[in-house]
Amino acid sequence: MRRCLLLQFRRQMSIRFFLLALGLCLCSIFVSLDVWNPWNTAMVGPRPQSSLHSLSPLSELYGPKSRTSELSLKVIVDQTVKDERKFLASLPNLPLIYRKANNPLLGSSNNTCASYPSVLDIHYNNIYWQVLQLSNNTLYLYSAFYDNRTSSKSKPSIRILGMANSLQPTTETNCQIWYDGQSFPVISKVRVHKRIWRDEWEIEEEILYPYMIECIIPDKHSRLEPQSVSLVEQPCDKPTNNLRIINNQPADGRKKSFAVCVKGLEFYNLDNSVRLVEWLELLFLLGADEVFFYDMGIHPNVSKVLNYYESLGRVDIRKISLPGEQPNVFGLLHLYLKNKVNHKRLHELIPYNDCLNRNMYRYKFVLLMDIDEVIVAKSAVDWTSLLEEVSPGAVNQYNNKWTSFCASNVYFLDTMQPTHSQNHSIPPYLHILQHIYRSANYTKPGWYVKCFHDTERVLTLHNHYAISCLDKCEVKNLPTELAQLQHYRQDCVRQMPKKHCIYFKNHTVVDTRVWRYKDSLMNNALRTLRHLGFLEEVIP
């Protein structure tokens with residue numbers, strides 16, 4: 001009995017203590033609101049002035065005197081819904097028709113074949129790729145082109161660039177070719193899946209191979225310009241891809257001379273903006289009309305350089321990513337490509353061949369180059385003079401028998417430059433002008449060469465030479481007495497045997513041919529660097 005009373009007494013005391021604690025807590029909250037309120041002038045003096053009028057006391061905000069003026073204020077926040085089609089600008093391989101407010105093809109149907117695909121029905125991959133899942137493999141599609149070149153035996157045709165997880169796709173496919181104003185596609189069976197890789201280079205690992213897929217436009221529609229193409233397995237399958245067909249034929253039919261194509265850049269943490277300015281200005285002095293870059297993630301200063309030259313019409317920048325399940329995150333992407341050399345080499349062929357096909361009507365020659373190399377003639381002042389010296393009429397694509405003109409590689413390695421050999425008449429940050437010591441010998445004939453490719457005759461390109469041509473590939477190797485590929489590296493390429501690299505380093509000569517452009521190159525580079533804010537005056 002006593003035990004029960006004791007438990008009941010403890011329960012009552014616990015409840016009382018809880019209520020007392022709750023009351024004290026509430027009192028402390030009310031006191032803090034008054035004591036620590038920064039508007040309590042008794043504690044902290046007058047309330048400080050603020051530029052944010054919303055800090056006014058509630059009585060001032062909603063008092064009778066101010067209510068009329070406050071209610072008359074107008075909200076200046078833009079609450080309108082933006083045009084959702086603006087995202088299409090970041091997907092350049094989509095047909096332009098998707099950007100129309102009232103797309104005449106969307107929602108249309110026919111009784112004979114597939115309907116025009118909605119932008120929401122397309123299977124995207126890593127932003128810049130579209131996917132076709134076949135019975136036995138997968139295709140990742142990047143871009144499509146209209147080819148009506150004179151030398152083509154299958155003109156006019158559509159050429160699609162993509163990658164496949166198969167060494168040789170065996171599934172037959174078809175092109176659904178879409179024309180403006182037609183709600184049904186024109187069907188053309190794929191003529192060839194041409195792998196942009198040589199058979200003897202077969203890689204024994206699971207990897208994506210680059211392909212060029214060709215569809216011939218039927219005679220009935222050969223005079224019409226197609227707008228887009230969908231690749232499907234069966235002729236009337238519902239398409240999961242729809243690529244804009246690029247046809248960059250100039251209105252006047254005239255071509256410029258030289259376009260330079262650069263592979264995907266992915267050095268997000270490396271700022272080589274100053275060296276890039278010097279390299280670009282040297283290319284322009286040699287005769288390059290425009291340089292085409294593919295951006296996979298670059299340093300902000302490099303973006304600043306490229307955006308500047310793009311505003312001048314001298315540079316073109318396009319986005320690209322790795323397709324499939326490969327990583328595209330900054331840092332991991334660089335690590336992946338550094339260690340997966342075969343994957344890197346195969347993927348590079350997509351931007352190179354994309355650049356070729358974009359410019360086959362706009363430029364007479366394309367050069368595939370890295371940003372640490374340049375073809376320099378010994379006596380000719382520019383590339384036009386060089387090719388005319390080797391093959392008169394070549395630059396005008398008149399009676400030119402050569403599909404490519406290739407220059408031998410020679411190294412200008414950092415370790416070849418003697419200590420304290422800096423030329424004090426040249427700014428130390430102009431790398432090319434400062435490096436005048438090279439290996440006495442060239443790399444083996446055909447190794448690490450870079451070429452001028454005739455856009456009327458080449459079909460697919462490797463970074464060092466043409467893989468296939470519209471007819472027979474005819475290569476002219478430029479004599480080293482006339483020109484050379486000057487390769488500015490820190491060290492030899494990893495694939496080179498160590499004994500060969502040591503030999504190159506121990507046998508060097510001075511080569512100042514690039515100094516012919518010194519004054520102009522210095523002036524142009526310094527002007528650009530100052531404009532970009534990369535230079536500041538140093539007071540001694």
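## Close-up views of a predicted model

**Figure 1. Charged pairs of side chains in the predicted model.** The side chains of Arg318 and Asp316 are joined by a salt bridge with an N to O distance of 3.3 Å, a salt bridge being a side-chain nitrogen of Lys or Arg within 4 Å of a carboxyl oxygen of Asp or Glu. Arg318 is partly exposed, with a relative accessible area of 24%, whereas Asp316, at 15% relative accessibility, counts as buried; here buried means under 20% relative accessible area, exposed over 50% and partly exposed in between, with a 1.4 Å probe and protein chains only. Salt bridges that share partners also join Asp147, Arg149, Arg159, Arg191 and Glu214 into one network. The structure is a predicted model, in which local features need pLDDT of at least 70 and side-chain atom pairs count only at pLDDT 80 or more, while totals for chains, interfaces and linings use all residues. Residues are numbered from 1 along each chain as its sequence is written, and side-chain values use heavy atoms, with hydrogens and water left out.

**Figure 2. Salt bridges between buried partners.** Side chains of opposite charge can pair when their charged atoms come close. In the salt bridge between Arg149 and Asp147, the closest N and O atoms are 2.9 Å apart; Arg149 is buried with a relative accessible area of 1%, and Asp147 is buried at 0% relative accessibility. A salt bridge also links the side chains of Lys255 and Glu456, at 2.9 Å from N to O. Lys255 lies in the loop between β9 (243–246) and β10, and Glu456 in the loop between β18 (450–454) and β19 (458–461), so the pair ties together parts that are 201 residues apart in sequence. Both Lys255 and Glu456 are buried. The structure holds 19 salt bridges.

**Figure 3. The largest nonpolar core and a second, separate one.** A nonpolar core is a set of buried Ala, Val, Leu, Ile, Met, Phe, Trp, Tyr and Cys residues joined through side-chain atoms within 4.5 Å. The largest such core has 66 residues, and of these Ile160, Val229 and Leu231 touch the most other members. Strand β3 (residues 138–147) gives the most to this core, with seven residues; strands (E, at least two residues) and helices (H or I, at least four) are DSSP runs numbered from the N terminus. Leaving aside neighbours within four places in sequence, Val229 is in contact with residues including Ala144, Ile158, Ile160, Ile177, Trp178, Leu243 and Ile245, where contact means heavy atoms within 4.5 Å. A second, separate core of 59 residues includes Val315, Ala380, Val395 and Leu532.

**Figure 4. The surroundings of Ile320.** Ile320 lies in the loop between β12 (315–319) and α7, and is buried, with a relative accessible area of 3%. Not counting residues up to four places away in sequence, Ile320 touches Tyr128, Trp129, Tyr142, Tyr294, Asp295, Met296, His347, Ile350 and Pro351. Ile320 and Leu265 are 55 residues apart in sequence, and 9.3 Å separates their C-alpha atoms in space.

Figure 5. On a 1 Å grid over the protein atoms alone, a pocket is an open set of points with protein on both sides within 12 Å along at least five of seven lines, a cavity is a set of points where a 1.4 Å probe fits but cannot get out, and lining residues have an atom within 4 Å of a point. The largest pocket has a volume of about 1800 Å³, a volume being the space filled by probe spheres set on the points, which are joined across faces, edges and corners. Of the 43 residues that line the largest pocket, Lys263, Lys344, Arg345, Asp370 and Arg489 lie nearest its centre. At least two lining residues come from each of β10 (256–265), α5 (273–286), α7 (332–339) and α8 (341–358), and α8 gives the most, with five. The lining of the largest pocket divides into 17 nonpolar, twelve polar and 14 charged residues, with Ala, Val, Leu, Ile, Met, Phe, Trp, Tyr, Cys and Pro counted as nonpolar, Asp, Glu, Lys and Arg as charged, and the others, Gly among them, as polar.

**Figure 6. The largest cavity.** The structure holds four cavities of 30 Å³ or more, and the largest cavity contains about 70 Å³ of space. Its lining is made by Lys263, Gly264, Glu266, Met296, Leu322, Leu337, Lys344, His347, Glu348 and Pro351. β10 and α8 are the elements that give two or more residues to this lining, and α8 gives the most, with four residues.
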